[in-house]
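Subject: Structure for you to look at

Hello,

Here is the structure I said I would pass on. My notes follow below it.

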Amino acid sequence: MNDKTPHAILEDPEFKELARQKNKVSLILTITELVLYFGFIGLIAYNKPFLARKIAEGSATTIGIPIAVGVIILSWILTGIYIFWANSVYDEKVKRIKKRFGG
Amino acid sequence: MPTQAPQTVIGTLNPIAILCFLLFVVATLGITYWAAKKTKTASQFYAAGGGITGFQNGLALAGDYMSAASFLGIAGLVSTKGYDGLIYSVGWLVGWPIVMFLISEPLRNLGKFTFSDVVAFRLKQKPIKTAAAIGSLVTVLFYLTAQMVGAGTLIKLMFGLPYESALFLVGGLMIAYVLFGGMLATTWVQIIKAVLLLGGATLLVILTLNHADIDWSYGKLFQMASDKYGSSFLEPGGLVSDPLDAFSLGLALMFGTAGLPHILMRFYTVPDAREARKSVFYATGFIGYFYILTVTIGFGAVVLVGKNVIMDIDKGGNMAAMVLAENLGGSLLLGFLAAVAFATILAVVAGLTLAGASALSHDLYVGVFRSGRANEKEEMKVAKAATIGLGITAVLLGLLFKGQNVAFMVGLAFAVAASANFPALLLSIVWKRFTTAGAVTSIFTGMIVAVTLIMLSPTVYEDVMQSAPKKELVAANEKVTGIEKALKAADITPELKASKEAELTIAKAEVVTKKAAVKPAPFKMKNPGVFSMGLAFLMGILVSLMKREKTAEDMFESEKVRTYIGIGAEGSSKH
C-alpha cells in the first residue's frame with residue numbers, strides 16, 4: 001500500500017457502497033433506540049394512566065413494569081443486531097476491499 | 001415521632017467485611033505488581049498495550065459504569081419511590097447502544113489513547129487538544145468529586161470508619177493501582193469488581209426470590225409492594241412532571257455516556273474496531289442485567305424489610321441493598337456486599353483518575369506544551385506525576401465537599417459530557433466541513449452553558465446554595481398539604497373543620513413568609529441538556545460554516561478510509 005491507496009479506495013464503488021450501508025445501518029438503529037427511549041419518556045410525561053394499568057385482572061403488576069424492562073432488553077437486542085450485521089456482512093466486505101488493495 | 005433503633009449491624013465494624021475487603025486489596029495489589037512489570041511504555045500505561053479482549057473490555061466497561069452510587073442509589077430509589085426508580089435505571093442504560101452505533105468503531109480506528117486524538121485527527125492539534133482536555137478534565141473532576149464524597153459517606157455508613165480515613169484509604173489505593181499498574185491493572189481491578197458486583201447482586205436476587213412469601217414470582221413481589229404501599233407505588237409518580245425537563249434529562253443520560261472520557265478511553269485497550277464493538281455488546285448486556293437485578297433488590301428490600309427501617313438508617317434509602325442483604329443472609333452476606341461496594345468505589349475512581357491523567361499528560365503536556373514531540377520516557381514521567389496530582393486533588397475535593405449534597409455533580413458530569421465532549425466528537429467523525437474554530441467553540445459553548453444553567457437551576461441555586469430556608473419552605477408546603485388532606489376527610493366534624501381551617505390560614509401564611517426567604521432559581525429546569533447540547537451543536541455548525549478549513553476537508557478523505565475499514569489504525573496502540 002502506498003500514499004495513493006486511500007484515494008484509490010475512496011473512488012472504489014465497493015467502498016462507497018460499504019460506507020453508505022454502514023451509515024444507513026447506524027442511523028436506522030440509532031433512530032430506533034431514540035424512538036424506543038423517548039417513546040417511553042413520552043408515555044411517562046403524557047400518558048401516566050396507560051402505564052398505571054394492570055397487566056391482568058386481579059394482578060398488582062402495572063403495564064409500566066414490563067415496558068421499562070422491555071426498553072432495557074430491546075436496547076441490548078439492538079446492539080446484538082448491529083454486532084450480527086457487522087460480523088457477518090460488514091467485516092466480510094472490509095476484508096474483500098483490503099485484499100483487493102493489498103492492505 | 002420516636003422510632004425504634006433498627007436491629008442492624010450496619011455502621012459497625014464488621015469482621016467479615018474487613019476480611020473480604022482485605023482479600024480484594026491483596027488480590028488487586030498482586031495484580032498491580034504483575035501489571036507494573038508489563039507497564040513500561042506510554043501505550044501500555046494508557047491502553048494496556050491494546051491487548052485486552054472484547055469480552056474482558058466489556059466487563060471492564062461495565063465495571064467503570066456500575067458505580068456504588070448506581071448499585072446502592074437505584075436500589076434505594078426503588079425502595080423509597082417505587083416505579084420512579086425503575087425509570088432512572090432505564091435512562092442509565094440507553095446511552096450504550098448510541099456508543100456502539102455512532103462512536104465505538106471510529107473512535108478505535110482514529111484515535112490513539114484519548115478521544116481528543118479523534119477530534120484533533122484532521123484539525124489543528126493545539127487548540128483542539130487544549131479544549132478537549134479541558135472538557136475531559138471538567139467531566140472527570142465533577143464525577144470524581146461525587147464519587148469521593150459518596151465514598152467517604154458510604155464507607156462511614158457501612159463500616160463506621162471516619163470519613164477522612166476512608167478518603168485517604170481510597171486515594172492511596174487508587175494512586176497505587178494507576179501509578180504502578182496503569183491501564184492493565186486498572187482494567188483487571190474493574191473486571192474483578194464487575195464479577196464480584198454482578199455475582200453479589202445475583203446472589204441477593206436469588207435469595208429474595210427464594211423467600212417463602214415471594215416464591216420465585218415477580219407477580220407476588222409486586223403484589224406485596226402494592227398491598228403495603230398502595231398501587232401508586234407501581235405507577236410513575238412525580239419524577240417526571242415537566243416533559244421538557246424529562247426530555248432534557250434523557251438527552252444528557254443518553255449522549256453523556258458517549259462523552260465520558262473514562263469510558264471512551266477503554267476502546268483503545270482492545271486490538272481493533274471489531275473487538276471494540278463486541279465489548280459494547282457485552283457491556284450493555286451486563287449493565288442491563290445489573291439494573292434489572294438492582295430494581296429487584298429495591299423492591300425486595302421494601303417488601304421484606306420495609307421503608308421505615310431503610311429510611312431510618314439513611315434518608316435517601318442508600319442502604320436498602322445492605323439492609324436486605326443482612327435480612328436474608330445475615331452479617332456474612334452483609335459483610336461481603338459491603339466489601340464489594342467498597343471495591344466498586346475504588347475501581348471507579350481509579351478509572352477516572354487514569355482518564356484525567358491522560359488528558360493532562362497525553363493531550364495537554366505532549367499534544368500542546370511539547371507540540372507532540374515528547375519522547376516515551378518523558379510522557380510516562382508526566383503521566384505518573386499527573387496521576388499523583390489527580391489522586392491528591394480527588395482526596396482534597398472529597399475533604400472540601402464533606403457533608404455537602406453533591407448528587408447533582410453526577411448529573412453535571414453527564415451534562416458536560418453530552419454537551420462539551422459528544423457534539424465535537426460526533427461532528428469530527430461525520431462532518432467534512434467541521435473546522436478547528438467550530439470544534440473549539442462547540443466544546444466551550446457546551447461546557448459553559450451546561451455548568452452555568454445547572455448553577456442557576458433549582459437543584460443548585462435553591463437546594464444547595466440556600467439549603468436551610470429551602471428545607472423550611474418544603475416543610476411548610478408539606479404542612480399545608482397535610483391539613484388540606486385532613487380537611488377533605490369525609491367524617492370530619494364541624495368543630496374540627498373550623499380549627500383545621502384556622503390552621504390552614506396560618507400554614508399558608510407561613511408558606512408565603514418562607515417563600516420570600518428563598519430566592520427563586522433564575523433557570524426553572526433541573527436539566528440543561530436540551531439547551532447546552534443543542535447550542536453546542538448549533539455553534540459548532542455555524543462557526544464551521546463561516547470559514548472553511550481546506551486542510552481539514554482534504555484530510556477527511558483519508559480519515560474516511562480509516563474510519564470505515566481501519567486501514568492505518570491497526571498499529572495505533574502498539575509502538
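How many residues does the contact take from chain A and from chain B? In this predicted model, chain A gives 45 residues and chain B gives 43 residues. On the side of chain A that touches chain B, at least two residues each come from helix 1 (5-11), helix 2 (13-46), helix 3 (48-52) and helix 4 (64-100) of chain A. Helix 4 of chain A supplies the largest share, 19 residues. By type, this side of chain A is made up of 29 nonpolar, eleven polar and five charged residues.

Within chain B, look at helix 5 (residues 83-93) and helix 13 (residues 273-304), whose axes are 10 Å apart and at an angle of about 170 degrees. An angle over 145 degrees counts as roughly antiparallel, so helix 5 of chain B is roughly antiparallel to helix 13 of chain B. Helix 5 of chain B makes the contact through Gly85(B), Leu86(B), Ser89(B), Trp92(B) and Leu93(B). From helix 13 of chain B come Ile287(B), Gly288(B), Tyr291(B), Thr294(B), Val295(B) and Gly298(B). The residues of this contact between helix 5 and helix 13 of chain B are six nonpolar and five polar, with no charged.

The last item is helix 21 (residues 494-517) of chain B, which has 24 residues. From first C-alpha to last, helix 21 of chain B reaches 35 Å, close to the 34 Å expected at 1.5 Å a residue.

Regards

Terms used:
Residues are numbered from 1 along each chain as its sequence is written. Chains are lettered from A and ligands numbered from 1 in the order in which they are written. This is a predicted model: local features need pLDDT of at least 70, side-chain atom pairs count only at pLDDT 80 or more; totals for chains, interfaces and linings use all residues. Two residues are in contact if their C-beta atoms, placed from the backbone, lie within 7 Å. Helices (H or I, at least four residues) and strands (E, at least two) are DSSP runs, numbered from the N terminus. Ala, Val, Leu, Ile, Met, Phe, Trp, Tyr, Cys and Pro count as nonpolar, Asp, Glu, Lys and Arg as charged, and the others, Gly among them, as polar. Axes are lines fitted to C-alpha atoms, for helices over the stretch in contact, and angles run from 0 to 180 degrees between N-to-C directions. Angles under 35 degrees count as roughly parallel, over 145 as roughly antiparallel, 65 to 115 as roughly perpendicular and the rest as oblique. The expected span of a helix is 1.5 Å times one less than its number of residues.
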